[in-house]
Amino acid sequence: MEVKIGVQHAPREIVLESGQSAEEVERVVSEALTGKTELLSLVDEHGRKVFVAADRVAYVELGEPTTRKVGFGAP
């Protein structure tokens, strides 16, 4: 699943591919934004952890996984 995180006062968003389900990501984001945790913590598909201070999260966008195209063929 593709996750985009907008961070306040940052010109770019954080984009990661996560192996977590949409429901699990939504639960983690909800806990961070309601103050249950101080950090939004997600794991990407390579096992790397991404931490964002919950009070700096501007938005979180959940999307379908992107497929990587190989070669020079037309889309």
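**View 1. Contacts of serine 18 in the predicted model.** Apart from neighbours within four places in sequence, serine 18 is in contact with Met1, Val3, Val25, Val43, Asp44 and Glu45. The residue belongs to the loop that lies between strand E2 (14-17) and helix H1 (22-33). With a relative accessible area of 3%, serine 18 is buried, because the cut-off for that class is under 20%.

**View 2. Polar contacts made by the side chain of serine 18.** The side chain of serine 18 reaches the backbone nitrogen of glutamine 20 at 3.1 Å. A polar atom of the serine 18 side chain also lies 3.0 Å from the backbone oxygen of valine 43. Valine 43 is likewise listed among the residues in contact with serine 18.

**View 3. Salt bridge between glutamate 31 and arginine 27.** Two salt bridges are found in a search of the whole structure, and one of them joins glutamate 31 to arginine 27, with 3.3 Å between the closest N and O atoms. Both residues lie in helix H1, where they are four residues apart, about one turn of the helix. Glutamate 31 is partly exposed, at a relative accessible area of 26%; arginine 27 is also partly exposed, at 43%.

**View 4. Salt bridge between aspartate 44 and arginine 48.** The closest N and O atoms of aspartate 44 and arginine 48 are 2.9 Å apart. Aspartate 44 counts as buried, at 10% relative accessibility, whereas arginine 48 is exposed, with a relative accessible area of 52%. Aspartate 44 is also one of the residues in contact with serine 18.

How values were computed: Residues are numbered from 1 along each chain as its sequence is written. This is a predicted model: local features need pLDDT of at least 70, side-chain atom pairs count only at pLDDT 80 or more; totals for chains, interfaces and linings use all residues. Side-chain values use heavy atoms; hydrogens and water are left out. Helices (H or I, at least four residues) and strands (E, at least two) are DSSP runs, numbered from the N terminus. Buried means under 20% relative accessible area, exposed over 50%, partly exposed in between (1.4 Å probe, protein chains only). A polar contact is a pair of N or O atoms within 3.5 Å; within protein, one must be able to donate a hydrogen and the other to accept it, and residues adjacent in sequence count only if both atoms are side-chain atoms. Contact means heavy atoms within 4.5 Å. A salt bridge is a side-chain nitrogen of Lys or Arg within 4 Å of a carboxyl oxygen of Asp or Glu.
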